[in-house]
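Please look over the notes below with the model open.

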Amino acid sequence: MRKEASNRRYLLVRKMQRISLFVTLCIMAVITLYPLFFMFVTSLKSNIGYLMNRLCLPKEIYIENYKNMLLSFNVLIYLRNSFICSGTAVLTTVFLSSLAAYIFTKKPFRGSKHIFTLVIFSMMISSQILIVPLYQIFSKMGLINNFLSLIIAYTALGLPYSIYLLSAHFRDIPDSIIEAAKIDGAGFYMTFFNIVLPIASTSIVTISILNFVWNWNELLMSMLMLSKTSVKTMSAAIATITGRFTSNIPLQMSMLIMNILPIIILYLIFQKYLVLGLSTGSNK
Amino acid sequence: MNKLNRTDEIKSIISIIPILIILAIFLYYPILNTVFHSFTKWDGLNSEFIGLQNYINLFKSDLFRLLLRNTLVLTCMVAPKTFLSLVVTFVLFQRVRGWKFFRSAFFLPSMISLVVVGNLFRAIFAYRGPINTVLSSINLDIFAVEWFGNWISAWFVIFVCLAWASFGLSTLIFLAGLSQIEESIFESSKLDGANWFQMFFYIVLPMLKKSIEFVMITTLIYYFIGIFSLLFTLTRGGPGYETTTIDYLIYVKAFQSNDFGTASAIATTLIVILIIITKVYITISNREKK
């Protein structure tokens, strides 16, 4: 009898603990998501509506902000520019970094270890450090206000981390598969395209998403290299244009929403890959 | 077989060369160029060698003390953020119902551009923004300050932004580290009557030591080189230079005062700091391996 009672008490305590944990998590989730909720809700208010009611849901939905953004602020052009730059840079970065990771992990040559170390060390190089000479190189090449400048810069900056992460994944591919392919007569590139890339497709998707998000979110280089309206990216547009309507918070918020929408969609589709890829790099 | 290996090696070298050329022109050359120009007076066109003058001017200026303080503030922000993520990780690891949803919710802000975060929190912490509205409505008017008007509250807002935008990522890394700890350790400690605090401090913290080091170092490096877009949209380094960090100052010197020599000297200083941090980290993690 006594044992049963203590057992029941134990179960009750466990249950209370679970409930308190759940409540804690809910509170944290509300705090975390509130800023996003605020951004969305505010973007559906008129400026006067916001001034009268800063916190709660709007009394009536006001979509003029979005209309304004699309019709008078060229947002579609900025979004297109961001897509072109981020997307192209992702393709080049991923192709080059997977080739490099393949060479470093599966087809090393004399001295490749030192080169790998050098590449890994350049992970900590940021755009601020490079920006002045880079700007000069591109202006000498006549590439300022040309998408190519940004695409090249993003590729160069994306390479070190991508090579690092992909190498960590490629190392898990057994050498015996590579050897077997060679005995079957598959050449250097055939092994890369037909064996390594398909096996590593998950990590390739991960690194593509990560690079896309970084490029999409980057500000300094896009702001300086693409300053004309016709080539401006969305980040640069937000940073430079929102100053024009500081007093109209709802209008600003609608622009922010349009910037994060593609990223959130990507996130919802590819979450699994991101969780996987980001947790791998840290434990090697 | 040997001949085959030889042709593979040649193909490796030929294929890696274009990649190295890209890195050399757009990554390594700019670094060397920056280091070189840090010893010159440079207006973008003509440079004149002036030795260490840029560094001397920088270290002597009033700005330098402010810069040092701001770097220190940034460094101090690493520990609380890491601790926050650890606590969240611990709660998530109890695997209550829906923990995967919560993990996704916490990670979502990490995807969002700091440009957006900056603009968003400037609105939220604006003088007549939602935070101050709430504070006045519950009679805490004293705290409803002009958040960007003095350095302490401005840095507080920056801390909130950075913590919000990055605790989810560290949580993810800690969860991956925890999943390598055997579940049985937790179960047996529970049976032995260990409470949450004991489990957190005596099991989770020691076993996650490696992940914690990794997260703290990457966070620190990120705070030093990655928050330009946040400062640009949130405080513009102000009031005055009160929230200007090293990487923000590079931008200010180069593109607002056209003082490329000084900008290069600051960038070189930053490179040196980063190399030191990385070296220390590598030394620590190598010593533990032995």
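**Notes on aromatic pairs and the chain contact**

1. At 33% relative accessibility, F22(A) counts as partly exposed, because that class lies between buried (under 20% relative accessible area) and exposed (over 50%), with a 1.4 Å probe and protein chains only. F102(B), at 4%, counts as buried.

2. This is a predicted model, in which local features need pLDDT of at least 70 and side-chain atom pairs count only at pLDDT 80 or more, while totals for chains, interfaces and linings use all residues. Residues are numbered from 1 along each chain as its sequence is written, chains are lettered from A and ligands numbered from 1 in the order in which they are written, and side-chain values use heavy atoms, leaving out hydrogens and water.

3. Over all chains, the search finds 42 aromatic pairs (rings of Phe, Tyr and Trp, the last by its six-membered ring, with centres within 6.5 Å; planes under 30 degrees apart are stacked, over 60 edge-to-face, the rest tilted). F22(A) and F102(B) are edge-to-face, because their centres lie 5.8 Å apart and their planes stand at 80°. The pair crosses between chains, from helix 1 (residues 2-43) of chain A to helix 5 (residues 99-111) of chain B; helices are DSSP runs of H or I, at least four residues, numbered from the N terminus.

4. F95(A) and F193(A) are stacked, with centres 6.3 Å apart and planes at 15°. This pair joins helix 4 (residues 75-106) to helix 9 (residues 188-199), both of chain A, and its members are 98 residues apart. F95(A) is partly exposed at 38%, and F193(A) is partly exposed at 40%.

5. One aromatic cluster includes Y135(A), W42(B) and F232(B). R236(B) lies over the face of F232(B), 4.2 Å from the ring centre (NZ of Lys or CZ of Arg within 6 Å of the centre and within 35 degrees of the ring normal). In chain A, K272(A) lies over the face of Y273(A), at 5.6 Å.

6. How many residues does each chain bring to the contact? Chain B brings 89 residues and chain A 83, with contact meaning heavy atoms within 4.5 Å. Helix 1 (residues 2-37) of chain B gives the most to the chain B side, with 23 residues. The buried area is about 7900 Å², 77% of it from carbon and sulfur atoms (accessible area, 1.4 Å probe, lost by two parts on being put together, summed over both).

7. Three salt bridges are counted between the chains (a side-chain nitrogen of Lys or Arg within 4 Å of a carboxyl oxygen of Asp or Glu). One joins D8(B) and K107(A), at 2.6 Å from N to O.

Definitions and conventions. Helices (H or I, at least four residues) and strands (E, at least two) are DSSP runs, numbered from the N terminus.
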